[in-house]
Amino acid sequence: MRIKDYLYIFLISMVPIVELRGAIPVAYAFHQSDPNFSIFWSYIIIAIGNMIPVPFIFFFARRILEWGEDKKVIGKFFTWCLKKGEKGGEKLQAKAGRGLYWALMLFVGIPLPGTGAWTGTLAASFLDMDFKKSILAVIGGVVLASVIVGVVCILGFGAIFGIQ
């Protein structure tokens, strides 16, 4: 067991867009090269790494974007992020209606680029959703995405490496 491998997947899981969608396949690759590398502990480490930025995103990302929208160098990008977040949040709310937290969980749980914990939390912030309920929905989405990505990895790596 190499601690640096666990640290590596932990850090990958914290990267926006990549998140657990990139960390889980790396964990399976590590397991292929070293059967003592624990997939069970990898999932726990990846989930924790994926969730650590969430409270900071919920409480501070919108404020930072609003602060930077009138700045010379970063203003256009920050304005684009704000408009994208607001538009995405409005679209999610319009489609979900009263099932907004379930929609947030499914949004985070669909393992596609741009639909992870970072984006889901930012949308919850833009919609002024309840923090605790949003966190629970994001956690549920992270679990769902972990299962989906894990199944794809098992099937995909099974075909490549002959896992039975």
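**View 1. Phe 30 and Phe 37 are both buried.** Buried means under 20% relative accessible area, exposed over 50%, and partly exposed in between (1.4 Å probe, protein chains only). This is a predicted model: local features need pLDDT of at least 70, side-chain atom pairs count only at pLDDT 80 or more, and totals for chains, interfaces and linings use all residues. Residues are numbered from 1 along each chain as its sequence is written, and side-chain values use heavy atoms, leaving out hydrogens and water.

**View 2. Tyr 28 and Tyr 43 form one of ten aromatic pairs in the structure.** Rings of Phe, Tyr and Trp (its six-membered ring) pair if their centres lie within 6.5 Å; planes under 30 degrees apart count as stacked, over 60 as edge-to-face and the rest as tilted. The Tyr 28 and Tyr 43 centres lie 6.4 Å apart with planes at 90 degrees, so the pair is edge-to-face. It links distant parts of the chain, helix α2 (residues 19-33) and helix α3 (residues 39-51). Helices are DSSP runs (H or I, at least four residues), numbered from the N terminus. Tyr 28 is buried at 10% relative accessibility; Tyr 43 is partly exposed at 23%.

**View 3. Leu 104 sits in the largest nonpolar core, which has 33 residues.** Such a core is a set of buried Ala, Val, Leu, Ile, Met, Phe, Trp, Tyr and Cys residues joined through side-chain atoms within 4.5 Å. Helix α8 gives the most, seven residues. Leaving aside neighbours within four places in sequence, Leu 104 is in contact (heavy atoms within 4.5 Å) with residues including Gly 120, Met 129 and Val 138.

Conventions
Helix = DSSP H or I, 4+ residues; strand = E, 2+ residues; numbered from the N terminus.
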